[in-house]
Amino acid sequence: MPEFSADDAYTYFEKTSHDPQRNYSYTALPEMVRPDIPSHFFSIRSPSLRDLSKSAKRKRNGAAAGLNGLCYIPYKKCIVLLKFVEKIGRKIWKSKQIPADWAQAYIILLAKSEDLSQISEFRPIAITSTVGKIFFSVISDRLQVFMIQNCYITRDIQKGFLFGVPGCLEHTFTLMEALKEAKEHQRQIVISWLDLANAYGSVRHNLIQFALNWYHVPLIIQELIFDYYEKLCAMVISKGWSTGFFLLDIGLFQGCVLSTFLFDCVFQLLG
């Protein structure tokens, strides 16, 4: 259990989640070359009942429920609920407005070390609405297919967070083979380990929009993701206390089904 108070947690996360340059407008660097127009197009229809059902079935029954207390099981067992979600999706597609409660999360803190007195020594995991995750998983899958089919992301280099690719395993195996070959043939080898401090938490939301536009993602998808991130807010819950809500002005939070691939999109700009 954390050895700090709810006030300490609120002050810390309110500060780290605030972005004084939130309105900064990004432009391409002179040496950047924009990718070609896509040859494989993005599906811009609202998620169908089949899409939502497929998304729900992939979710774990034991996954934590959001603030409304609903887990994935009702959506798997009751087709009427998914039909209602399909109707909501069509309305979202028309209005380009994400329900506010889909953007509300509670954060649980997982200790990274034995030091329980420092908030920075905890990993924040955000738990959002299950129905929102079912909906956004469809968008995330479409985004991944779009980026890969158009070679905006190449699997031989980027392996992290891609479906069907055991990224950690493949990178570890490649590294081990390189070390083994260097040892057997008495060759010099240089390895650089990069650990980006707060990598997820430092991604600016306008940079996400720039990346999506840079890779020709349809405007409606940009607008939906923009509206979602405009409404993001969270509270921290621990045994014995909870904080008030604070806005998430910056960063991709762990627990969001969009976060991993949006991070890939932003990181790909460095390629």
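I began with the helices: these are DSSP runs (H or I, at least four residues), and strands are runs of E with at least two, numbered from the N terminus. By that scheme, isoleucine 189 sits in the loop between helix H6 (167-184) and H7.

**Ground rules.** The model is predicted, so I noted the limits: local features need pLDDT of at least 70, side-chain atom pairs count only at pLDDT 80 or more, and totals for chains, interfaces and linings use all residues. Residues are numbered from 1 along each chain as its sequence is written, and side-chain values use heavy atoms, with hydrogens and water left out.

Is it buried or exposed, or partly exposed? With 37% relative accessibility, isoleucine 189 counts as partly exposed. (Buried means under 20% relative accessible area, exposed over 50%, partly exposed in between, with a 1.4 Å probe and protein chains only.) Isoleucine 189 belongs to a nonpolar surface patch with Met176, Leu179, Ile191 and Trp193. Together they have about 510 Å² of accessible area. (Patch residues have over 30% relative accessible area and no salt bridge; like charges are joined within 9 Å, and nonpolar side chains, Val, Leu, Ile, Met, Phe, Trp and Tyr, within 5 Å. Areas come from the Shrake-Rupley method with a 1.4 Å probe; for residues, only the protein chains shown count as cover.)

**Aromatic pairs.** Next I looked up rings. A pair is described by the distance of the centres and the angle of the planes. (Rings of Phe, Tyr and Trp, its six-membered ring, pair if their centres lie within 6.5 Å; planes under 30 degrees apart count as stacked, over 60 as edge-to-face and the rest as tilted.) By this rule I have 17 aromatic pairs. Phenylalanine 135 and phenylalanine 136 are edge-to-face, because their centres are 5.4 Å apart and their planes stand at 80°. Phenylalanine 135 is buried at 0% relative accessibility. Phenylalanine 136 is buried too, at 2%. Phenylalanine 210 and tryptophan 214 are stacked, because their centres are 5.7 Å apart and their planes lie at 25°. Both are in helix H7 (residues 205-214), four residues apart, about one turn of the helix. Phenylalanine 210 is buried at 14%, and tryptophan 214 is buried at 10%. I also noted a cluster: ring pairs link Trp93, Trp102, Phe135, Phe136, Tyr228 and Tyr229.

**Salt bridges.** I searched the whole structure and noted eight. (A salt bridge is a side-chain nitrogen of Lys or Arg within 4 Å of a carboxyl oxygen of Asp or Glu.) Arginine 22 meets glutamate 230 at 2.6 Å, N to O. Arginine 22 is in the loop between helix H1 (6-16) and helix H2 (49-57), and glutamate 230 is in helix H8 (residues 219-230), so the pair ties together parts 208 residues apart in sequence. Arginine 22 is buried at 17%, whereas glutamate 230 is partly exposed at 42%.

Aspartate 51 bridges to arginine 45 at 2.9 Å and to arginine 142 at 3.1 Å. Arginine 142 in helix H5 and aspartate 51 in helix H2 are 91 residues apart. Arginine 142 is buried at 12%, and arginine 45 is partly exposed at 44%.

**A lysine without a partner.** Lysine 133 is in helix H5 (residues 130-149). Lysine 133 is buried yet has no salt bridge. The nearest side chain of opposite charge, aspartate 101, is 13 Å away. (Lys and Arg count as positive, Asp and Glu as negative; His and the chain ends are not counted.)
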